Amino acid sequence: MKPMSHAGPGAGRFAPTALMLGNLVTGCSVLAPAGMLPELSTGLGISIRAAGLLITFGAITLCIGSPLTAWLTSRIERRLLLTTTLAVLAVGNLASAFAPDYASLLVIRLAMLAIGALYTPQAAGTAALIVPAERRGSTIAYIFLGWSLAAAVGLPLITFIASRYGWRVAYGTIGALGCVSFLLLLVRLPAGLKGTPVDLRTWREVGRSRAILLLLLITMLQMSGQFAVFTFMGPLLKKLTDASPDAIGMVFAIYGVCGFLGVVVASRVVDTWGPYRTSLLFTCLLLAGITGWALSAGTLVLMATGVAIWGLGFASTNSMQQVRLVAAAPALAPATVALNTSVLYIGQAIGSAVGGLLFARDLLHSTGFVAVGFVVLALVLVVVSRPRPAAAASA
């Protein structure tokens, strides 16, 4: 890994923040349709389930694109790579605002996310290049605050804008935010950063590691459970409680704010508690929150309370997965972090597809319990993945 001694003090100091804001744009780009399914359905003349497929197909593109782009771009200098990715996300969102029909919007989204797939894993990998090893865990968790902010601020804002001014203005707003983030990253990220090249031997080493494969399976199950509900959270709240767009936006805000708080707490405790115990705690919160949603379906206040508890675990569990993977095999981090992002999107695709099938069949209460099943399996595997005493300090 190259040291950062040649970078200016300002660049070094604010580089993690610039990377975090890039995750905010990435998160908004990925999650945006979930915040405006009714508007997309009405504006494009399609069903709610068809609008939800923007999430499903986007997730499939992301899960394929993440390891593929990690392999193809591993030798490219990081500032060039990450700023180019953000430029594509900005242009893609601006183009989405002018899409004439559903097919065009879907094609633009898939093209945008095929490139955007590399941002989150490469941002996490870049964090390992710009901070000392003892601060790596907390810095990766901090960079993932961008995803929490996407849910805390981005989704409620998208819901607010789309319900009042239309989905096209919402996409335009994300595009403008992408332009600002592109400039910040260009100014703040040090030049000359290069990670370990990813080759076929790297993937073989990953495939032979039981610990890494187990961690990747945990990520997939965590995300499958969440996205069975999350993709259709707005329409579910509307059907189950007759919630208004503002009330739905408020639930999204609760989810995101609690997600933000969860990552803040996780980033503070992970360096002393260790990634395993931190991961176990937040997976338990994830399960408690989704169980609360399932059991209270039909009562808005109780469902929102469940979402708050769920939110505490939503982003923090994934950031802990990233930290555990980096600690399990630092030399393989570019590949494992990319694969973790890939299986995260596989989980999104599975969850949103299952949620879409249940929603289309009006099995609204069942959705929560199916989500609980996925997260229970994830929790069991977290316990199974407990590091042996000899490796406890680093797992």
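Helices here are DSSP runs of at least four residues in H or I, numbered from the N terminus, and helix α13, which covers residues 245-273, is the one that holds Ser-267. The model is predicted, and a search of the whole structure finds three cavities of 30 Å³ or more.

**The largest cavity**

- The largest cavity holds about 150 Å³ of space, and of the 16 residues that line this cavity, Trp-147, Met-223, Phe-314, Asn-318 and Leu-344 are the closest to its centre.
- Two or more lining residues come from each of the elements α8 (145-165), α11 (210-230), α15 (300-328) and α16 (333-360), and α16 gives the most, with four residues.
- Sorted by class, the lining of the largest cavity has 12 nonpolar and four polar residues, and no charged residues.

- Helix α8 bends by about 35° at Gly-154, with a proline, Pro-156, following within four residues.
- Since 15 of its 21 residues are buried, α8 is largely enclosed by the rest of the structure, and the helix is followed by Gly-166, whose phi is positive, near 105°.
- Helix α11 also has 21 residues, and the 30 Å from its first C-alpha to its last is close to the 30 Å expected at 1.5 Å a residue.
- For α11, 16 of the 21 residues are buried, so this helix too is largely enclosed by the rest of the structure.

- Thr-317 lies in helix α15 and has a relative accessibility of 1%, so it counts as buried, the cut-off for buried being under 20% relative accessible area.
- Leaving out residues up to four places away in sequence, Thr-317 touches Gln-222, Phe-282, Thr-283 and Leu-286.
- Thr-317 and Arg-208 are 109 residues apart along the chain, and their C-alpha atoms are separated by 24 Å.
- Ala-328 also lies in helix α15, but at 43% relative accessibility Ala-328 counts as partly exposed, because that class runs between the 20% limit for buried and the 50% limit for exposed.
- Between Ala-328 and Gln-222 the sequence separation is 106 residues, while the distance in space is 19 Å, C-alpha to C-alpha.

**Ser-267 and Tyr-142**

- Ser-267, in helix α13, has a relative accessibility of 14% and therefore counts as buried.
- Apart from neighbours within four places in sequence, Ser-267 is in contact with Ser-138, Ala-141 and Tyr-142.
- Tyr-142 has its place in helix α7, which covers residues 136-143, and at 28% relative accessibility Tyr-142 counts as partly exposed.
- Although Tyr-142 and Ser-267 are 125 residues apart in sequence, they are 6.4 Å apart in space, C-alpha to C-alpha.
- With residues up to four places away in sequence not counted, Tyr-142 touches Pro-16, Thr-17 and Met-20 as well as Ser-267.

**Helix α12 and residues with positive phi**

- In helix α12, residues 233-241, the buried positions are Met-233, Gly-234, Pro-235, Leu-236, Leu-237 and Leu-240.
- Helix α12 is followed by Asp-242, which lies in the loop between α12 and α13.
- Most residues other than glycine have a negative phi.
- With a relative accessible area of 58%, Asp-242 is exposed, because exposed means over 50%.
- Asp-362 likewise has a positive phi, of about 65°, although Asp-362 is not a glycine, and its place is in the loop between α16 and α17 (364-384).

Methods: Residues numbered from 1 in each chain as written. Predicted model: local features only at pLDDT ≥ 70, side-chain atom pairs only at ≥ 80, totals over all residues. Heavy atoms only, no water. 1 Å grid on protein atoms, 1.4 Å probe; cavity = no way out; pocket = protein on both sides within 12 Å on 5 of 7 lines; lining within 4 Å. Points joined across faces, edges and corners; volume = space filled by probe spheres on them. Nonpolar A, V, L, I, M, F, W, Y, C, P; charged D, E, K, R; others polar. Bend = angle between axes of the 7 residues up to and from the residue. Buried < 20%, exposed > 50% of the residue type's maximum accessible area, 1.4 Å probe, protein only. Contact = heavy atoms within 4.5 Å. Expected span 1.5 Å × (residues − 1).
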